[in-house]
Amino acid sequence: MTARILLVDDEPDITGTLEYNLRREGYETQVADTGQQALALARETPPDLVVLDLMLPDLSGTEVCRRLRQDDRTRGVLVLMLTARGDEIDRVVGFELGADDYVTKPFSVRELLLRIRALLRRNAPDAPRAETAREDEVVFGRVRLDPPAHRAWVDDEEVRLTALEFRLLATFIERKGRVQSRDALLNDVWSIHADVTTRTVDTHVKRLREKLGEAGHYIETIRGVGYRFRARPDEETAP
């Protein structure tokens, strides 16, 4: 089934280039140059993915994302945000509202196409499930990761993670046993280097724990500092 992609940007050069390249890849496309138009198109015929610029003439991209997530018709639509390199606070807000990934401007069309393809592949309902761990997979207790495919399982049941949630989990496992401050996670997972006061890390850790289910207790809260992923799956929880 052909994926349908909604491009939301008020720069015709960008939407024209992306529409041309996406159609060459076999995708169906729609274009909106305002937030209101994007919301109307998405509600009429929900796309599989929205490429959403943060700077729009009427509504901000973060507001469009918020409304998409609030509407039952568009709640599950993938959102890839386009941001300027200085829009770090907006990027944080976008992730808090449920954006699945972001690409910074100026961007490579090839990179954007690869990101889109990866998001759609991970979200496909008929995506094949690996039955046994491959050499490049990472296993920790009940959790298994396939980094090249950005896929995760708990007890062989696949867990649908956003790109950012996957990076957060992979970072935790890579640094298991070591305490990670919120600032360090913002810097390394979100690529945000500014002094941003936000609870976005807490929000995403909470969502990640919920998605991991019974394996969510591997992520421990260290009061006043940040988080720690257990060094061993069977480690006793600290009091």
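**Figure 1. The loop between strands E8 and E9 holds Asp 155.** Strand E8 spans 151–154 and strand E9 spans 157–159. Strands (E, at least two residues) and helices (H or I, at least four) are DSSP runs, numbered from the N terminus. The model is predicted: local features need pLDDT of at least 70, side-chain atom pairs count only at pLDDT 80 or more, and totals for chains, interfaces and linings use all residues. Residues are numbered from 1 along each chain as its sequence is written, and side-chain values use heavy atoms, with hydrogens and water left out. Phi of Asp 155 is near 55 degrees, a positive value in a residue other than glycine. Asp 155 is partly exposed, at 43% relative accessibility. Asp 156 sits in the loop between E8 and E9. Its phi is positive too, about 65 degrees, and Asp 156 is not a glycine. Asp 156 counts as partly exposed at 39% relative accessibility. Buried means under 20% relative accessible area, exposed over 50%, and partly exposed in between (1.4 Å probe, protein chains only).

**Figure 2. A cis peptide bond joins Lys 105 and Pro 106.** Omega is about -5 degrees. Pro 106 lies in a loop.

**Figure 3. Helix H1 covers residues 12–24.** H1 has 13 residues. From first C-alpha to last, H1 reaches 18 Å, close to the 18 Å expected at 1.5 Å a residue. The expected span is 1.5 Å times one less than the number of residues. The buried residues of H1 are Ile 14, Thr 15, Leu 18, Asn 21 and Leu 22. They cover an arc of only 140 degrees around the axis, so they lie on the same side of H1. The arc is taken over the directions from the helix axis to the C-beta atoms. Pro 12, Asp 13, Tyr 20 and Arg 24 are exposed, on the face turned away from the buried side of H1. Gly 26 follows H1, with a positive phi near 100 degrees.

**Figure 4. Helix H3 (residues 61–70) is mostly covered.** Of its 10 residues, 7 are buried. They are Gly 61, Thr 62, Glu 63, Val 64, Cys 65, Leu 68 and Arg 69. Leu 52 touches Gly 61, Val 64 and Cys 65, among others. Contact means heavy atoms within 4.5 Å.

**Figure 5. The largest nonpolar core has 47 residues.** Leu 52, Leu 169, Phe 172 and Trp 190 touch the most other members. Helix H6 (residues 163–174) supplies the largest share of this core, 6 residues. Apart from it lies another core, of 19 residues, among them Ala 3, Leu 7, Leu 112 and Ile 116. A nonpolar core is a set of buried Ala, Val, Leu, Ile, Met, Phe, Trp, Tyr and Cys residues joined through side-chain atoms within 4.5 Å. In soluble globular proteins, nonpolar side chains tend to be buried together.

**Figure 6. Helices H6 and H8 pack at an angle of about 85 degrees.** H8 covers residues 200–212. The two axes are 10 Å apart. H6 is therefore roughly perpendicular to H8. Angles of 65 to 115 degrees count as roughly perpendicular, under 35 as roughly parallel, over 145 as roughly antiparallel and the rest as oblique. Axes are lines fitted to C-alpha atoms, for helices over the stretch in contact, and angles run from 0 to 180 degrees between N-to-C directions. From H6, Leu 164, Glu 165, Leu 168, Leu 169 and Phe 172 take part. They meet His 204, Val 205, Arg 207, Leu 208, Lys 211 and Leu 212 in H8.

**Figure 7. Tyr 218 lies in the loop between H8 and strand E11 (219–222).** Tyr 218 is buried, with a relative accessible area of 3%. Leaving aside neighbours within four places in sequence, Tyr 218 contacts Phe 140, Gly 141, Arg 142, Val 143, Arg 228, Phe 229, Arg 230 and Pro 233. Tyr 218 and Val 143 are 75 residues apart along the chain, yet their C-alpha atoms are separated by 9.6 Å.

**Figure 8. Asp 146 belongs to strand E7 (residues 143–146).** Asp 146 is buried, at 2% relative accessible area. Phe 166 is 20 residues from Asp 146 in sequence and 9.9 Å away in space, C-alpha to C-alpha.
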